Amino acid sequence: MATDQTPQTAGFAEVSRTLVAIAAEVVTGVQRAVVGPDNMRTASDNAWSAIEADRARAAARAETSRAVAAIVATRPRRTRSAARHRARTAAAPVR
């Protein structure tokens, strides 16, 4: 399949890719120099951190749900008839 890229467009894309590759190598080199080669983060380190963060968020959500359920369970229930009775007695004229 032929592409419709002009030489100028293809050159721009190639230069862009080259600049990104060089920038990535510079960042990696700086990281290696700052933290040391033994402390470099890997993709599996990043994935494990994401899994731990997801688990922590799920635990926090579950704890919040349990707390809300406990609050709802301890509150006295208001029935409709009690609400109507209060409304009637509040609106009744004083004798």
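Mentor: We'll go from the overall build to single residues.

Trainee: Fine. What kind of model is this?
Mentor: It is a predicted model. The average pLDDT of the protein is 83, and 76% of the residues score at least 70.

Trainee: What secondary structure does the protein have?
Mentor: Three helices and zero strands. From the N terminus on, the order reads α-α-α.

Trainee: Which element has the highest mean pLDDT, and which the lowest?
Mentor: Helix 2, residues 43-74, has the highest, at 95. Helix 3, residues 80-91, has the lowest, at 69.

Trainee: Why should I care about a low value?
Mentor: Where pLDDT is low, the predicted coordinates should not be read in detail.

Trainee: Got it. How much of the protein is buried?
Mentor: Of the 95 residues, 2% are buried. The protein exposes about 8,800 Å². Carbon and sulfur atoms supply 61% of that area.

Trainee: Which residues form a nonpolar patch on the surface?
Mentor: Ile22, Val26, Val30, Val34 and Val35. Together they have about 440 Å² of accessible area.

Trainee: Where does Ile22 lie?
Mentor: In helix 1, which covers residues 7-35.

Trainee: And why does Ile22 count as partly exposed?
Mentor: Because its relative accessibility is 48%. Partly exposed runs between the buried cut-off, under 20%, and the exposed one, over 50%.

Trainee: Switching topic. How many salt bridges are there in the whole structure?
Mentor: A search finds two.

Trainee: Start with Arg57 and Asp54. Where do they lie?
Mentor: Both are in helix 2. They sit three residues apart, about one turn of the helix.

Trainee: Buried or exposed, or in between? What about Arg57?
Mentor: Arg57 is partly exposed, with a relative accessible area of 45%. Asp54 is partly exposed too, at 44% relative accessibility.

Trainee: Now the other pair. Why are Glu63 and Arg66 separated by about one helical turn?
Mentor: Because they are three residues apart in helix 2. Glu63 itself is partly exposed, at 45% relative accessibility.

Trainee: Which residues is Arg41 in contact with, leaving aside neighbours within four places in sequence?
Mentor: Gln31, Asn46 and Ser49.

Trainee: How far apart are Arg41 and Gln31?
Mentor: Ten residues in sequence. In space, the distance is 9.2 Å from C-alpha to C-alpha.

Trainee: And what does the side chain of Arg41 do with the side chain of Asn46?
Mentor: It makes a polar contact with the Asn46 side chain, at 2.9 Å. The side chains of Arg41 and Ser49 are also joined by a polar contact, at 3.0 Å.

Technical notes. Residues numbered from 1 in each chain as written. Predicted model: local features only at pLDDT ≥ 70, side-chain atom pairs only at ≥ 80, totals over all residues. Heavy atoms only, no water. Patch = residues over 30% accessible without salt bridge, like charges linked within 9 Å, V, L, I, M, F, W, Y side chains within 5 Å. Areas by Shrake-Rupley, 256 points an atom, 1.4 Å probe, with all protein chains shown as cover. Salt bridge = Lys/Arg side-chain N within 4 Å of Asp/Glu carboxyl O. Helix = DSSP H or I, 4+ residues; strand = E, 2+ residues; numbered from the N terminus. Buried < 20%, exposed > 50% of the residue type's maximum accessible area, 1.4 Å probe, protein only. pLDDT = per-residue confidence, 0-100. Contact = heavy atoms within 4.5 Å. Polar contact = N/O pair within 3.5 Å; in protein donor to acceptor, adjacent residues only side chain to side chain.
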